[in-house]
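Start with the model itself. The paragraphs below walk through its disulfides, its core and its aromatic rings.

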Amino acid sequence: MIKCFFWGLYMKLLYFLTIFFILNLVISCGDENNTEKEKEINKCSGVDCPDNSICKVINEKAECKCNDGYDLSPDELQCVKNDIDLCENIQCNSDEKCILGDCIKQETEKIKLRLLAANITSGNDQAYEEEGIRIFKALKADIIMIQEFNSKTGIDSFVKNTFGAEYTYFRGNPRGNGDIPNGIISKYPIIKSGEIDDPRVTDREIDWVEIKVSDKVKLMVFSVHLKGQEDNSQITAAQIITKEISEHKKLNTGYYYIVGGDFNGEASVSNEGFGKYNGEDIFVINSAFPKSEYGDDGNTNKSRTARLDYVLVDNELYKYQISTDYCISEGSCKKYKDGLVFDSRNYSNSDLSVYFSPVESSDCDVKNMQHLAVVKDFLIGKKEILKKEVLTKEEFNSIFKNPIAEGKSTACPGYDFYNYEEFINATHEYPKFGNEGSEEIKKREIAAFLANISHETTGGWANAPGGATGRYLWGLCWKEEIGCEDGSCTQYCQSSNTQYPCKNNKTYHGRGPIQLTWNYNYGAVGEKIGVDLLSNPELVSGNASISFRTALWFWMTPQSPKPSSHDVMVENWIPNTDDLSKNRKIGFGMTVNIINGGRECGKTNDSRVIDRVEHYKYFCDLLSTTTGDNLYCDEMEHY
């Protein structure tokens, strides 16, 4: 009986302790939930979310999330019910698609690749001398399969000065006497590289690289210099490469395969050579051979009697081949349907200066020039995207074609010159322009660009027609710096610049939307877009396509130690200690420092800076975005 009493007491005590523990746990958990709720309330305080949405704290950051049953609209300003067809009564153009009631341009994003095979050494040392270097510069390839990869100035210097600082390379290891290694030079990152033994030669090997063009486009590229005599040894080397590719395909997907170089004949361009491996198709060997300017059969040795040099691609890449074109404008091009065998002797020096600068007619006839370069172009469909133009035609015309600004068409030479279509075409060469960061940041960059080009070319004044905003409606008024049209402004020649020397009877005064000045800028942008602007600077004010392309090049391209205006406005640029000590900070004022800081920054109440800033505020308001901080550069030290 006593045992039962104590046992019952024990069980009651255990029951109460259990209840106490559970209640305590619940209370404790409730406290933690309350703490998290308080954090969310604190972080979301002051956050103004649109209707049908709620503020949530995600990764320590307050964000507005649409309620269930709602989606964010394309302009990211409202949450709309997702069971309503907002496109029911919307008519879009044929190249557009309606998304949540908004017409968005539908296009295929493309990547253009220019491939070049080149054994164009000359002189007595089988090295790249000035003639070959000029040809490389003129042909403007993205990926170069190079042979006899030697230079008297050092390989690093040769690659940087010939192709550009963004190019990287792989060069084969030295091999015995008379070493003439192969290599690959690429504008895109080389992620792997190596060599394969060619058993029939002793002074070079078969060199290969893997290249990442984008997340969707990868290449495996081989550079070869096959045995000099056309025999079975060339087929043997070809089959070594095709076997390597066959094995590579088993372990990797999504690659395109390329082989190029000096084949020393046609024996390997067969199914027994590069065409197949164990019955598996490898390279396309029956495509039309590239032609020269004369449209001949494409022989590539110096005497033009034999086909020795090739660019071969696999079936997947072959379907993307396009005409190889060298253009100075849409209506003025050298077009080569199947690719180009480049022979400088086929052109006059005047033709070369326009389309293939800095080549001279005699370059392919220099002593011991090996062969002729072969070029092919490809336009790869990367992926289908939905893209809004950075600025609509209506918005552009409301700014630069507004009829309220009386007499603009007659008073401003640029009124009928600058046009929306050429502006948009130019932006396609720089897909990151107006397309990085949040919608606020994207619009802010566009506003900053428009503000600067408007200031540089404005024909407006304080009380210009158009009411309170009249002064802002006169941008893109001038094509050239006022007073320099007659060629008298010779002060923009930096005579010490040997890379881009001034040409006789040419001036480099301000031209185009950004008012491009100085010979070194004309030379650098000319190299980028493939036009000899040192010899033809007047094209910047005579061709609207070139004009806008020079402005966007200047905006998008960093020129050390200056960052690019693009990187500043999208906040990619991070000021270093020296920048901060000189008060250089992210903001519109920094773009002024980049464009004309030597004249306008570090000064109090400079009227030119004030005008730029007022234009910027106007365009930010027009595009419904904010201005950000650091609008002025009066306290910045210029470069």
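How far apart are the sulfur atoms of Cys 484 and Cys 489? They lie 2.0 Å apart, and the two residues form a disulfide. The term covers a pair of cysteine sulfur atoms within 2.5 Å. Before going further, note that this is a predicted model: local features need pLDDT of at least 70, side-chain atom pairs count only at pLDDT 80 or more, and totals for chains, interfaces and linings use all residues. Residues are numbered from 1 along each chain as its sequence is written, and side-chain values use heavy atoms, with hydrogens and water left out.

A disulfide is a covalent bond between the sulfur atoms of two cysteines. Searching the whole structure turns up 5 disulfides. Stay with Cys 484 and Cys 489 for a moment. The torsion about their S-S bond is about -80 degrees, so this disulfide is left-handed. Cys 484 counts as buried, at 2% relative accessibility. Cys 489 is buried too, with a relative accessible area of 8%. Buried means under 20% relative accessible area, exposed means over 50%, and partly exposed lies in between (1.4 Å probe, protein chains only).

Now turn to Cys 327 and Cys 333. A disulfide joins them, with an S to S distance of 2.0 Å. Here the S-S torsion is about 110 degrees, so the disulfide is right-handed. Cys 327 counts as partly exposed at 26% relative accessibility. Cys 333 counts as partly exposed at 24%.

Another disulfide is formed by Cys 601 and Cys 633, whose sulfur atoms are 2.2 Å apart. The torsion about this S-S bond is about -90 degrees, so the disulfide is left-handed. This pair links distant parts of the chain, 32 residues apart. Cys 601 sits in the loop between helix H17 (588-600) and helix H18 (607-622), and Cys 633 sits in the segment after H18. Helices (H or I, at least four residues) and strands (E, at least two) are DSSP runs, numbered from the N terminus. Both Cys 601 and Cys 633 are buried.

The segment after H18 also holds Gly 628. This glycine is partly exposed, with a relative accessible area of 26%. Its C-alpha atom is separated by 8.9 Å from that of Ile 586, 42 residues apart along the chain.

The largest nonpolar core has 154 residues. Such a core is a set of buried Ala, Val, Leu, Ile, Met, Phe, Trp, Tyr and Cys residues joined through side-chain atoms within 4.5 Å. The residues with the most contacts inside this core are Phe 136, Leu 139, Leu 219 and Phe 356. Its largest share, 9 residues, comes from helix H14 (residues 544-556).

How many of the residues of H14 are buried? The count is 13 of the 13, so the helix is largely enclosed by the rest of the structure. Its length fits expectation as well. At 1.5 Å a residue, the 13 residues should span 18 Å, and the end C-alpha atoms are 18 Å apart, which agrees. The expected span is 1.5 Å times one less than the number of residues. At the start of H14, a side-chain oxygen of Asn 543 reaches to within 3.0 Å of the backbone nitrogen of Ser 545.

Phe 342 lies in strand S20 (residues 340-342). At 0% relative accessibility, Phe 342 counts as buried. Beyond four places in sequence, Phe 342 is in contact with residues including Ile 135, Leu 139, Phe 356 and Cys 364. Cys 364 counts as buried, at 2% relative accessibility. The C-alpha atoms of Phe 342 and Glu 293 are separated by 7.5 Å, though the two are 49 residues apart along the chain.

Finish with the rings. Rings of Phe, Tyr and Trp (its six-membered ring) pair if their centres lie within 6.5 Å; planes under 30 degrees apart count as stacked, over 60 as edge-to-face and the rest as tilted. By this rule there are 36 aromatic pairs. Take Phe 163 and Tyr 167: their ring centres are 5.7 Å apart and their planes are at 40 degrees, so the pair is tilted. Phe 163 is buried at 12% relative accessible area, and Tyr 167 is buried at 11%. Elsewhere, ring pairs link a cluster whose members include Phe 396, Tyr 418, Phe 548 and Trp 555.

Note on methods: A polar contact is a pair of N or O atoms within 3.5 Å; within protein, one must be able to donate a hydrogen and the other to accept it, and residues adjacent in sequence count only if both atoms are side-chain atoms. Contact means heavy atoms within 4.5 Å.
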